[in-house]
Amino acid sequence: MKFDSDIFDRVRVKPAQDRRIKTEGPSCQWHGCKEQGTHRAPKGRGREHEHWRFCLDHVRQYNQSYNFFAGMNDDAVMAYQKDALTGHRPTWKMGTGKGRSRADAESLAAGADPFGLFSEGVRAEQKQRAEAARPVRNAERKALDTLGLEVGATPQQVKTKFKELVKRHHPDVNGGDRSTEDRLVEIIQAYNYLKSVGFG
């Protein structure tokens, strides 16, 4: 089979002697060792990106005696370990970062709420809006009707109405009269249901 293509004519292959796999590597840097240096070992603090090349036996021996903190006092070791928690990057206290004026930082530190996110009125209003958007089930309507309340009643109104009705219909309060005991059971069941769906 003959190839008459210009592409195949330009393909060159290295001679066999240049294609052999190189198995030789750096030799062990331990004094007097002739083995291959197949393992890296750190040179020490301040030279983090430099490594010794040792054979397996000598790298084990080196690692057993290696101490990164050698020559440092206790305070320097503690400072290094503290900085290591943040990756040795600078940190700032909250509220002192760049891009914020001192007046903004002081108003936030004083407890100001410029957007009204934490005020009770805003949260209550947001909750009412969420409840208004939520569909009201028939069981909720029936329970509210049993207590004599409208669909838009708040949890506080439900609790107040429940206490009032229990005081009115409980046999111990109205002289032992048991004629309204069935009504009291309905009121308690309605209140318990409303509590289970978030009205209590």
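Reader: Quick one to start: what share of the contacts with a separation of 6 or more comes from residues 24 or more positions apart?

Author: That share is 34% in the protein. Keep in mind that this is a predicted model.

Reader: OK, cysteines. How many disulfides do you count?

Author: The count is zero, taking a disulfide as a pair of cysteine sulfurs within 2.5 Å. Cys28, for instance, is in no disulfide, and its nearest cysteine sulfur belongs to Cys33, 3.7 Å away.

Reader: Are Cys28 and Cys55 buried or exposed?

Author: Cys28 is buried, at a relative accessible area of 5%. Cys55 counts as buried too, with 8% relative accessibility.

Reader: Now His58. Where does that one sit, and what does it touch?

Author: His58 is in helix H2, residues 56-65. Setting aside residues up to four places away in sequence, His58 touches Cys28, Trp30 and Cys33.

Reader: Buried or exposed?

Author: His58 counts as buried because its relative accessibility is 15%, and the cut-off for buried is under 20%.

Reader: Let's switch to the helix packing. How do H7 and H8 cross?

Author: Helix H7 covers residues 155-169 and helix H8 covers 181-196; their axes come within 10 Å and cross at roughly 165°. H7 and H8 are therefore roughly antiparallel to each other, and H7 passes H8 in a left-handed crossing.

Reader: Which residues meet there?

Author: From H7 you get Val158, Lys159, Phe162, Leu165, Val166 and His169; from H8, Arg183, Leu184, Ile187, Ile188, Tyr191 and Leu194. Sorted by class, that H7 contact with H8 has nine nonpolar, one polar and two charged residues.

Reader: Who does the touching?

Author: Leu144, Thr146 and Leu147 in H6 meet Val158, Lys161 and Leu165 in H7. The residues of that H6 contact with H7 divide into four nonpolar, one polar and one charged.

Reader: Then H6 and H8: how do those two cross?

Author: Their axes come within 9 Å, and the crossing is at roughly 135°. H6 and H8 are therefore oblique to each other, and their crossing is left-handed.

Reader: Which residues are in that contact?

Author: H6 brings Ala139, Glu140, Ala143, Leu144, Thr146 and Leu147, and these meet Arg183, Glu186, Ile187, Ala190, Tyr193 and Leu194 in H8. By class, the H6 contact with H8 has eight nonpolar, one polar and three charged residues.

Reader: Back to loops. Where's Phe68, and what is it in contact with?

Author: Phe68 is in the loop between H2 and H3. Neighbours within four places in sequence aside, Phe68 is in contact with Arg45, Glu48 and Tyr80.

Reader: How far apart are the C-alpha atoms of Phe68 and Gly44?

Author: They are separated by 6.1 Å, while Phe68 and Gly44 are 24 residues apart along the chain.

Reader: How accessible is His88?

Author: His88 counts as partly exposed, at 43% relative accessibility.

Key
Residues numbered from 1 in each chain as written. Predicted model: local features only at pLDDT ≥ 70, side-chain atom pairs only at ≥ 80, totals over all residues. Heavy atoms only, no water. Buried < 20%, exposed > 50% of the residue type's maximum accessible area, 1.4 Å probe, protein only. Axes fitted to C-alpha atoms, helices over the stretch in contact; angles between N-to-C directions. Helix = DSSP H or I, 4+ residues; strand = E, 2+ residues; numbered from the N terminus. Parallel < 35°, antiparallel > 145°, perpendicular 65-115°, else oblique. Left-handed = near helix turned anticlockwise from the far one by under 90°. Contact = heavy atoms within 4.5 Å. Nonpolar A, V, L, I, M, F, W, Y, C, P; charged D, E, K, R; others polar.
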